[in-house]
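Hi everyone, thanks for coming.

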Amino acid sequence: MNSPWYQIEIQVTFESKETISERLFEIGAQAVNENVNKPEVLQVLFAENDAEIALNELKKEWSGWQKKFQGLSDLNVSLTPIPEENWAETYKKYYTAQPL
């Protein structure tokens, strides 16, 4: 892995969202975001060292959640590296001074 941060997107159901979100934090998630445009998708941020471990934990627990939550599909996740970015400089592209 080359990035210090990774995002995992997970398909969930409304009923399973809270339980799965809680477990994600327990296994090292730094942030869990409910996608406004796709409410059935959780976007989860992990540090580099935790991403693979978390993915393995999810795989172990998923079938149990499928039995508990009706309509929860097979685990379908994508692991995406978050590129390094110098935010101290990048914001300037989008910032315009406001007159006082």
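So, helix α1, residues 17–26, packs with helix α2, residues 48–68, at an angle of about 155°, and their axes are 12 Å apart. Helices here are DSSP runs of H or I with at least four residues, numbered from the N terminus. The axes are lines fitted to C-alpha atoms over the stretch in contact, with angles from 0 to 180 degrees between N-to-C directions. That angle makes α1 roughly antiparallel to α2, a label for angles over 145 degrees. The crossing of the two is right-handed, so the near helix is turned clockwise from the far one by less than a right angle.

Quick note: this is a predicted model, where local features need pLDDT of at least 70, side-chain atom pairs count only at pLDDT 80 or more, and totals for chains, interfaces and linings use all residues. Residues are numbered from 1 along each chain as its sequence is written, and side-chain values use heavy atoms, leaving out hydrogens and water.

Who touches whom? From α1 we have Thr19, Ile20, Arg23 and Leu24, and they meet Glu57, Leu58, Glu61, Trp62 and Trp65 of α2, contact being heavy atoms within 4.5 Å.

Now look at Trp62 and Trp65. They form an aromatic pair, 5.8 Å centre to centre with 80° between the planes, so edge-to-face; ring centres must lie within 6.5 Å to pair, and planes over 60 degrees apart get that name. The two Trp residues are 3 residues apart in α2, so about one helical turn separates them. Trp62 is buried at 3% relative accessibility, and Trp65 is buried too, at 9%; buried means under 20% relative accessible area, with a 1.4 Å probe and protein chains only.

Note on methods: Angles under 35 degrees count as roughly parallel, over 145 as roughly antiparallel, 65 to 115 as roughly perpendicular and the rest as oblique. Rings of Phe, Tyr and Trp (its six-membered ring) pair if their centres lie within 6.5 Å; planes under 30 degrees apart count as stacked, over 60 as edge-to-face and the rest as tilted. Buried means under 20% relative accessible area, exposed over 50%, partly exposed in between (1.4 Å probe, protein chains only).
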